[in-house]
Amino acid sequence: MTILAIESSCDETACALVKDGVTVLSSVVATSKELHEKTGGVVPEIAARKQVEFIVPVIAEVLQGLTLQRGIPDAIAVTVGPGLIGSLVVGVEAGKTLALVLNKPLIPVNHLVGHIYANFIGGAQIAFPAVALLVSGGHTDLILMRGHGDFEFLGGTVDDAAGEAFDKTARILGLAKYLGGALVSQKATECVVNTLKGQLPRPMINQANFDFSFSGLKASVKRLVDAEHPPVEVVAREFQEAVVEVLVAKTMRAVKTYHVRSLLVGGGVAANTLLRAQLAVECKKVAVALHIPPVTLCTDNAVYIASAAYFNQHFVELKNVVANPSLGIMDKV
Ligand code: KG4
Ligand code: ZN
């Protein structure tokens with residue numbers, strides 16, 4: 001079964017064609033990120049206008065060379081939320097139109113669930129039950145996954161997401177005005193000795209739950225920088241270590257509590273090298289299979305939307321497919 005998927009939840013416009021949820025036949029991503037770098041944050045109106053500009057060329061590039069009459073694609077999938085409403089509606093309406101004119105079923109997809117399905121691309125054999133850690137710009141969630149579409153929410157951030165804390169720290173350190181997670185991580189590699197070790201808090205690390213809190217950590221970075229003006233690379237390293245220690249501790253608590261066979265990680269922060277390395281060490285100790293997508297599949301694209309759609313085939317009447325900007329990971333679509 002070949003699915004054509006569309007993703008337009010924020011500032012990326014993406015389309016992909018994926019066979020049986022695992023084999024990528026085509027994938028195109030356009031982004032308006034550079035425009036938001038200038039303003040220091042995503043401007044929803046600009047993101048939406050760029051979605052309108054990009055959506056047809058991006059879909060056209062994926063469709064190039066396809067003989068639609070031969071039955072490909074078998075279905076259309078589209079991200080319905082969460083995200084920016086103006087961005088989401090562009091993809092949703094494009095998806096509905098394609099489904100209508102090609103007379104194919106439409107599968108709505110929750111973007112957050114999509115991030116987790118990036119792990120299925122390539123055909124990895126994933127044993128359930130699994131714990132899924134979703135770490136993106138807007139979300140930090142721990143989920144118990146007993147099978148496809150069988151999710152139980154274990155915990156999540158009570159304030160800022162991990163990615164948001166990375167982005168705000170990047171701004172405090174003068175590394176980037178928008179989406180600076182990768183730059184903080186890069187800067188941290190320049191620090192040879194962490195002379196600030198333990199100076200930043202590891203919020204909620206000892207609490208016997210699966211929740212996170214990152215807003216206090218970001219405030220502590222600001223206080224430390226304002227008071228002591230330490231070298232940027234040392235702060236970057238200490239901040240990264242604090243976030244990763246908390247993410248790893250809480251995730252491994254969930255892995256051990258539920259005796260799962262696999263750990264799946266998804267979202268932009270899953271690109272973080274230290275997080276990947278630390279989870280690998282801890283999973284090895286308890287013989288749990290760790291799955292983290294390649295870095296290119298951690299950030300927003302339509303490939304994982306197609307995979308999530310394939311493994312959760314749930315066809316919805318076109319008139320009932322609507323964009324929902326505030327969808328949570330447990331919300332049905
Ligand atoms: O999943 P994503 O592309 O967008 C959302 O759906 O939110 O995640 C973007 C987030 C940003 O906060 C970005 O700074 C962070 O992922 N990020 C990283 C790294 N690469 C991207 N954070 C830490 N280390 C990285 N290497
Ligand atoms: Zn995302």
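This is a predicted model: local features need pLDDT of at least 70, side-chain atom pairs count only at pLDDT 80 or more; totals for chains, interfaces and linings use all residues.
Local features need pLDDT of at least 70 and side-chain atom pairs count only at pLDDT 80 or more, while totals for chains, interfaces and linings use all residues. Residues are numbered from 1 along each chain as its sequence is written, chains are lettered from A and ligands numbered from 1 in the order written, and side-chain values use heavy atoms, without hydrogens or water.

A pocket here is an open set of points on a 1 Å grid over the protein atoms alone, where a 1.4 Å probe fits, with protein on both sides within 12 Å along at least five of seven lines. Lining residues have an atom within 4 Å of a point. The largest pocket has 42 of them; S136, G137, G138, D167 and L179 are the closest to its centre.

Several helices (DSSP runs of H or I, at least four residues, numbered from the N terminus) contribute to this lining. α1 (33-39), α4 (111-117), α5 (162-172), α6 (181-188) and α10 (295-298) each supply at least two residues. α5 gives the most, with six.

Strand β5 (106-110) and helix α11 (303-311) each provide at least two lining residues; strands are DSSP runs of E, at least two residues. β5 gives the most, with four.
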